[in-house]
Amino acid sequence: MSDDRPVLLEATGLKKYFPIQRGFFRRTVGYVRAVDGVDLVIHEGETLGLVGESGSGKTTVGRLILRATDVTEGTIRFHRDGQVLDLTRVPRSQLREYRRETSVIFQDPFSSLDPRMTVLDIVGEPLRIHGIASGDELRRRVRELLQLVGLRVQHMNRYPYAFSGGQRQRIGIARALALRPRLIVADEPVSALDVSIQAQVLNLLRSLQQQFNLAYLFISHDLAVVSHVSQRVAVMYLGSIVETAPVDALYSTPRHPYTEALLSAIPKSDPDETRSRIILPGDIPNPADPPTGCRFHPRCRYARDICRAERPVLREIAPRHQVACHLADELRLTGVAAPAGAQNAHGIEQTG
Ligand code: SF4
């Protein structure tokens, strides 16, 4: 897929700092820089995969895009009906409109559904809250949504405990679709599921995307999963995007050492493949006190003096391929034969 589809959402210079408060008077003594200058674009009907280790800031980016938390700095522009909404400045009434066009699928289908509500209540809740449907019309719409996600309409009056993990995630997807959104933030939507069930849920997400021209921000730590649903991938490290590219280019020719290390952890599908896993030393650093220069330098096996002194900027190194690394022009990094490599692991049909 090329980038000639219309832009749906653009985030520029996005920052989210959480204050660290101490003492009796709760004085602010510092900030956790969870997101520290992220730029990203999502086009209509595309999936942008957002990957990184736990603590990289990817979930906070999702929350900022949903406007579930306030932005410290930066802008988020949403395109609708030929107009551009600046979500960091719009009044609350317009934010409510925006909330109808965006939705979320959570990681854990066990805790994200209220156990005291029936499927009818859970899936119908957004329609009721926004005053779109009630009574028989609500039941009709919920029936339609359950059919869309492959659930039996007879189960509408059951409670979440009566369903398997995969079925619960389908309930969560039906709820996310209720308001016919244009953008869905899917935060680790299959991480809690068995591999065989993951494949079914991912195929469902892809087919719904084709049916409704949905855009996804697909957040995951699992690069094998991401390769199956994404057209482009952005790699996050310690609050910033360090590489972004179309999925084929990112997997076969990574240009950032962090991406190379993440890819090396994907299980080999071909026994003759010779690549070996790159073990990164240490943990992801404290976002309240990030390293100087390139934030990845304490864990980077290619680091040089310049890496410790200067922070690299995200720059275009090939068409639609951006990287933030001082040595990107000279390093020859090892990729993987993805996305096909992960296809066997998850049994997911590739449609390109
Ligand atoms: Fe490694 Fe230096 Fe590139 Fe950072 S800038 S990723 S430390 S080579």
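Trainee: Which residues surround the ligand?
Mentor: His256, Pro257, Cys294, Phe296, His297, Cys300, Ala303, Cys307, Cys325, His326 and Leu327; near means a heavy atom within 4 Å. Keep in mind that this is a predicted model, where local features need pLDDT of at least 70, side-chain atom pairs count only at pLDDT 80 or more, and totals for chains, interfaces and linings use all residues. Residues are numbered from 1 along each chain as its sequence is written, and side-chain values use heavy atoms, with hydrogens and water left out.

Trainee: How does that shell split by class?
Mentor: Eight nonpolar, three polar and no charged residues. Ala, Val, Leu, Ile, Met, Phe, Trp, Tyr, Cys and Pro count as nonpolar, Asp, Glu, Lys and Arg as charged, and the others, Gly among them, as polar.

Trainee: OK, new topic. What's the strand order in the open sheet?
Mentor: E6-E7-E8-E3-E9-E10-E12-E11, eight strands with mixed pairing. Strands are DSSP runs of E, at least two residues, numbered from the N terminus, and helices are runs of H or I, at least four; two strands pair if DSSP finds at least two bridges between them.

Trainee: And which are the edge strands?
Mentor: E6 (102–105) and E11 (315–318), each pairing on one side only.

Trainee: How do E7 and E8 run, parallel or antiparallel?
Mentor: Parallel, with five bridges joining E7 (residues 183–187) to E8 (residues 215–220). Ile184 stands opposite Tyr216 in E8.
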